[in-house]
Amino acid sequence: MTQIRVPSVLFPFPVARSQPPSSGQEPAATHFRLIQCGAKSQIYCTPAFQPCLAHPRLSVALQTPDGLERTLPEAPPHTQLSTPNYGASGHFACTNLSPPKSQRASTPTPRPLLTSPHLTSKPLRIACCPLRKCIASVPRPRCSPDYHHRGIYAREHAEPSRPPLAAMSDVPRRQRQDGLPYSLHHRPRRALWSCWQISFFFFVFVVTIFGLALIPLGISSNGAPLSNHGHGEEHEAQETQPVEESHPQPPQTTTAPQHEASSSPRLRDPSDYILDMAWDYNAAPTTREYNWTITNADLNPDGVYRPMYLINNQFPGPLVECNDGDTIVVHINNQAVNATALHFHGLFQNGTNFMDGTVGVTQCPIAPKSSFTYKFTISGQSGTYWYHAHHSAQASDGLLGPVVIHARDERTTLQELDYDSDRIIMVQDHYHNLTSELLMDYLQPDMENDEPVPDNALINGRGVRDCADFPGWRCDAANVSRPIFDLAANKRHRLRVINVGAFAEFQIQFDEHPFYVTEVDGTDVHPEPFHRLNILPAQRYSVILETNVTTAESFWMRSRMVTHCFTTENKRLVPELRSIIRYQAQDKPAPAVATEPASKDWPEAIEVICRDLNISALHPVVHQTPPPADEFVFLRANFMIGDWALARGFFNESTWHANATHPSLHRYLDAVRGAADVKAPESAAMAISSQAFDPERDYVLETTGARTIDLAVNNFDDGSHPFHLHGHKFYVLVQGETGYPPEKDALPAYLEKHNLLANPVRRDTVTIEGYGWVIIRVVLDNPGLWAFHCHNTWHAESGMVMQFLVGSDAVRKWTVDERQRELCTRDGVMTGMRPSDDLWYGVITK
């Protein structure tokens with residue numbers, strides 16, 4: 001099948017070369033031109049009298065700006081074809097294909113051949129032009145002043161591309177007689193060299209040899225270099241490097257361990273997530289510096305290849321390990337196709353609100369081909385955390401990794417059970433399609449909150465699937481295997497479990513092994529025994545596992561998605577990923593090939609409700625009684641279906657729409673300086689901030705000074721919501737399964753009656769099950785603008801986000817750094833954004 005790709009490389013001039021194919025022949029190479037004006041696009045064909053989709057055996061592979069590459073399926077001429085979604089820049093429909101040759105006009109007449117309802121309400125247009133006259137015949141598209149003009153031109157491309165979605169993945173590729181994938185027919189080639197080219201080459205060769213012979217004459221006798229002092233080389237090097245931040249780098253005290261970047265995309269070695277037991281917990285505070293380059297590549301974590309975002313050419317991202325009091329410096333060099341930003345989940349960012357990495361709240365995204373540096377100091381925190389992209393749904397495309405912060409008294413006081421090894425276990429749901437593609441499908445009309453169901457589970461970025469289950473997909477399972485954890489026998493082992501997924505809750509167990517929970521979201525707790533661990537997206541638990549079972553030497557670790565919470569079915573989903581826990585004797589090396597365990601599952605029924613682990617018995621090692629609350633705030637969280645049948649997430653009456661080029665923190669500070677009527681609240685009481693924000697799109701609760709609030713959140717949705725608060729931890733006072741939380745006046749007596757103020761768990765992510773509720777108490781004492789949102793990726797992107805403007809009397813004195821402001825003006829800063837709702841306005845629904 002002939003395929004045409006719109007590459008990311010920009011060509012300065014379109015070229016028209018091919019003749020229209022005769023009847024029954026394979027079409028020659030077809031060229032067309034894509035003009036992209038911001039979110040709007042137009043396509044023009046260049047071949048002679050031939051629209052690019054007019055041949056029944058011709059397909060078009062489009063590589064969208066987010067890196068997605070898909071192939072439009074075959075379609076006979078003169079028919080209408082509607083295709084599935086193709087990501088943030090690709091929901092194409094093919095209509096009004098080429099008319100019969102007898103009906104063609106002698107002069108080119110533009111006909112609407114491609115429509116893209118999520119890009120623009122106007123159809124993409126293709127002009128059928130005489131050979132070599134297309135650009136002269138078709139007026140050059142003009143962009144409005146709000147957009148930058150960019151021309152992208154198609155070229156031949158023989159690489160087969162996989163079908164776009166699960167619905168199309170059964171379509172097999174047509175094979176050649178020799179068994180290889182079908183490729184392009186080659187055009188007759190002209191002679192490689194003409195006479196004048198040979199003469200010119202000979203002339204250049206002679207001049208070069210003569211110049212090389214003169215080089216020794218240009219070197220002085222004392223060997224001194226030419227007097228440019230290296231500035232010419234420095235300037236040359238700067239031109240070849242990506243744009244860097246203009247501010248000087250801080251003096252480097254300590255360089256964090258840098259795992260050498262791979263020359264080719266690969267999965268990270270699992271040993272990178274085993275912590276060094278000789279770590280110096282008492283080291284003086286230092287600066288730990290990381291250099292990360294973000295790129296795009298195809299990778300197969302479970303055998304099935306898919307486009308991914310990689311850090312230093314590896315997935316998952318590297319471990320960030322430090323002590324409390326250390327300063328973290330992360331230099332981001334974004335060489336990916338889309339803008340991005342990184343959020344360090346659970347870190348307070350006290351005094352560095354601008355480093356929180358939340359697009360639309362604290363910063364603009366880092367545009368492609370540019371750089372940015374995150375710098376912050378850890379203060380008063382220890383435990384298990386993680387980082388992830390906080391731009392659209394990019395985290396599930398590969399931008400994530402673990403963070404471990406050590407405290408001086410970690411092994412002596414905070415962890416009450418001693419252990420002999422310490423390692424990270426990241427569990428996640430895994431999709432074989434780009435999240436931008438899935439998001440496009442999820443946000444369209446009439447979906448009624450039908451979240452995309454994952455295809456598989458991963459542990460530390462690895463899983464196992466049978467390629468036979470994915471006909472037509474590019475797949476290679478030769479180098480993937482079950483995760484294996486070799487643990488010394490008769491020892492205790494700390495396992496730091498992080499759910500880095502987008503949607504699914506996991507229930508994790510170790511066959512025949514109970515365990516102790518000793519940490520919850522960075523808070524050390526008194527050990528309590530469990531034998532199954534429920535963990536939702538963004539949550540972290542440390543468990544202590546003792547390898548003292550004598551019935552066998554290997555056991556299953558079962559990581560099982562709670563599929564009862566999925567509203568739709570994915571027939572390819574394998575909900576349980578089994579890893580091997582293998583006992584290792586000190587004098588006996590582990591075998592190269594692991595045998596499958598025969599261990600027994602726990603007899604109790606598996607979880608069928610998406611809800612938190614029962615933490616009522618867990619209490620922090622460092623005892624705290626919550627201070628009295630100054631405020632009681634009630635929030636309603638639910639989905640509502642509005643205009644054009646769009647289902648969106650809400651807090652009360654507000655659904656969030658991120659502003660990528662003028663984030664909330666910038667807008668507030670600009671409003672404070674630009675308008676005299678934007679004044680600080682007259683009282684310290686919490687209030688809706690409406691002077692700089694539209695409450696229907698930016699629900700911001702503002703406080704002055706330090707305030708303690710009771711936040712009661714009622715979930716009126718049938719699905720669960722893991723809510724995360726940036727910049728703070730909160731006390732989980734009480735969680736309810738049904739009904740309504742106690743009202744403000746009745747709450748104090750309710751808490752006292754049930755003894756709920758006795759050292760409750762402190763965490764940063766809490767889950768409310770369907771139609772349930774929670775009351776948390778949070779001390780808002782960290783000035784800044786902080787997001788509070790559902791950490792189900794699909795729910796957050798649908799609008800279930802609000803913000804707390806904490807200590808506005810202090811924040812209003814801040815200024816936006818010019819480097820932060822310059823970040824918002826870079827070319828490509830809007831790439832990768834969640835599509836705007838107005839793309840569907842006017843679309844007729846079922």
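Predicted model: local features only at pLDDT ≥ 70, side-chain atom pairs only at ≥ 80, totals over all residues.
Student: Why is the link between Cys 565 and Cys 610 called a disulfide?

Tutor: The rule asks for a pair of cysteine sulfur atoms within 2.5 Å. In this model the sulfurs of Cys 565 and Cys 610 are 1.6 Å apart, so the pair meets that limit.

Student: What does the link of Cys 565 and Cys 610 tie together?

Tutor: Cys 565 sits in the loop between strand 32 (554-561) and strand 33 (576-584), and Cys 610 in the loop between strand 33 and strand 34 (631-641), so the pair joins parts 45 residues apart in sequence. Helices (H or I, at least four residues) and strands (E, at least two) are DSSP runs, numbered from the N terminus.

Student: Are Cys 565 and Cys 610 buried or partly exposed?

Tutor: Buried means under 20% relative accessible area, exposed over 50%, and partly exposed in between, with a 1.4 Å probe and protein chains only. Cys 610, at 9%, is therefore buried. Cys 565, at 23%, is partly exposed.

Student: How many disulfides are there?

Tutor: The structure holds three. One of them joins Cys 364 to Cys 824, with sulfur atoms 2.0 Å apart. Cys 364 is in the loop between strand 19 (342-345) and strand 20 (370-377), and Cys 824 follows helix 10 (818-823), so this link ties together parts 460 residues apart in sequence. Cys 364 is buried at 0%, and Cys 824 also counts as buried at 10%. Another disulfide joins Cys 467 to Cys 475, S to S 1.9 Å; with -75° about the S-S bond, this link is left-handed.

Student: What makes Arg 636 count as buried?

Tutor: Its relative accessibility is 19%, which falls under the 20% limit, so Arg 636 is buried. Arg 636 lies in strand 34.

Student: How do you know that Arg 636 makes a polar contact with Glu 653?

Tutor: A polar contact is a pair of N or O atoms within 3.5 Å; within protein, one must be able to donate a hydrogen and the other to accept it, and residues adjacent in sequence count only if both atoms are side-chain atoms. The side chains of Arg 636 and Glu 653 make such a contact at 3.0 Å. The Arg 636 side chain also reaches the backbone oxygen of Asn 652 at 2.7 Å.

Student: What makes a group of residues a nonpolar core?

Tutor: A nonpolar core is a set of buried Ala, Val, Leu, Ile, Met, Phe, Trp, Tyr and Cys residues joined through side-chain atoms within 4.5 Å. The largest one here has 74 residues, of which Val 517, Phe 788 and Phe 804 touch the most other members. Helix 5 (residues 435-443) gives the most to this core, with five residues. A second, separate core of 47 residues includes Tyr 290, Ile 294, Ile 332 and Ile 405.

Student: Which residues is Phe 788 in contact with?

Tutor: Contact means heavy atoms within 4.5 Å. Leaving aside neighbours within four places in sequence, the contacts of Phe 788 include Leu 635, Phe 651, Leu 711, Met 800 and Phe 804.

How values were computed:
Residues numbered from 1 in each chain as written. Heavy atoms only, no water.
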